[in-house]
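Dear colleague,

Please find below the structure that I am handing over to you. My findings follow directly after it.

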Amino acid sequence: MKRFMAMLNRNKNKDPPPTELLDIAEKLCQDLQSSSSSLEKLVEAMMGCKHKMYFLTNIHIVRACVFVHIRNGQHDTACRLLECCKAEEKEELVQLWHEVHYQRVMERHQTDFLTPLQKFRCRKRNPPPISLCPGGLKTRNYPEEVRQHLHRFAAEVTANPDKKQREGLARQMNLQPTQVYNWFANYRRRQKS
């Protein structure tokens, strides 16, 4: 830690700082996970220097910073950090985004865990920003033309197709037979209610 701090001070005016500085910071973030006070000092030093964005290109450093902010109840700061970081591991960044919001909900409800339904609702209420999902969020809905085709089939032919019909529909719409099976099962369930 002392070596890192000395190196950080020596290179505070260099642009960009040496890659060795990032390597040491990454190693320290991994080693200090169990020592919250030391990790907090490290994060404070990294986020307080002019090379902050340089450090936020490394997923291990981003993760450490987010966990320190969560531990301190600084959920908004953790979210802003995730929005501006330049780490390449987008899936992990999205997971960290959700983790921040799960922690916020757990603190609000004074509980130690969330049910899968609570997590689902939390994700729906707090979608990750475009900076973390440049391609947009993945939707679980089928395209409009697929839904129309399935609705038409259910209305004109049958709402309970046999295996051969499901396989044919799956081939036509580039779906798996189980997806077609589930769609019709859900369709029948919705019709009952």
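Leaving aside residues up to four places away in sequence, Phe55 touches Phe4, Leu8, Leu21, Leu22, Ala25, Met46, Met47, Cys49 and Ile61. Please note that this is a predicted model, and that the contacts of Phe55 are computed from it.

Phe55 also belongs to the largest nonpolar core, which has 41 residues. Phe55 is listed there among the residues with the most contacts inside the core, together with Phe4, Met46, Val62, Val66, Leu82 and Leu93. The elements that contribute two or more residues to this core are helix 1 (2-10), helix 2, helix 3 (36-47), helix 4 (52-55), helix 5, helix 6 (75-84) and helix 7 (90-109). Helix 5 supplies the largest share, 8 residues. Another core lies apart from this one; it has 13 residues, including Tyr142, Val146, Leu150 and Leu175.

Which residues line the largest cavity? The lining is made up of Cys29, Gln30, Gln33, His60, Arg63, Ala64 and Phe67. Two elements, helix 2 (19-31) and helix 5 (59-71), each give two or more residues to this lining. Helix 5 gives the most, with 4 residues. Sorted by class, the lining has 3 nonpolar, 3 polar and 1 charged residues.

The last topic is the cysteines. How many disulfides does a search of the whole structure find? The search finds 0. Cys79 is in no disulfide, and the nearest cysteine sulfur, that of Cys122, is 9.8 Å away. Cys79 is buried, at a relative accessible area of 7%. Is Cys84 buried or partly exposed? Cys84 is partly exposed, with a relative accessible area of 28%, whereas Cys79 is buried.

With kind regards

Methods:
Residues are numbered from 1 along each chain as its sequence is written. This is a predicted model: local features need pLDDT of at least 70, side-chain atom pairs count only at pLDDT 80 or more; totals for chains, interfaces and linings use all residues. Side-chain values use heavy atoms; hydrogens and water are left out. On a 1 Å grid over the protein atoms alone, a cavity is a set of points where a 1.4 Å probe fits but cannot get out, and a pocket is an open set with protein on both sides within 12 Å along at least five of seven lines; lining residues have an atom within 4 Å of a point. Ala, Val, Leu, Ile, Met, Phe, Trp, Tyr, Cys and Pro count as nonpolar, Asp, Glu, Lys and Arg as charged, and the others, Gly among them, as polar. A disulfide is a pair of cysteine sulfur atoms within 2.5 Å. Buried means under 20% relative accessible area, exposed over 50%, partly exposed in between (1.4 Å probe, protein chains only). A nonpolar core is a set of buried Ala, Val, Leu, Ile, Met, Phe, Trp, Tyr and Cys residues joined through side-chain atoms within 4.5 Å. Contact means heavy atoms within 4.5 Å.
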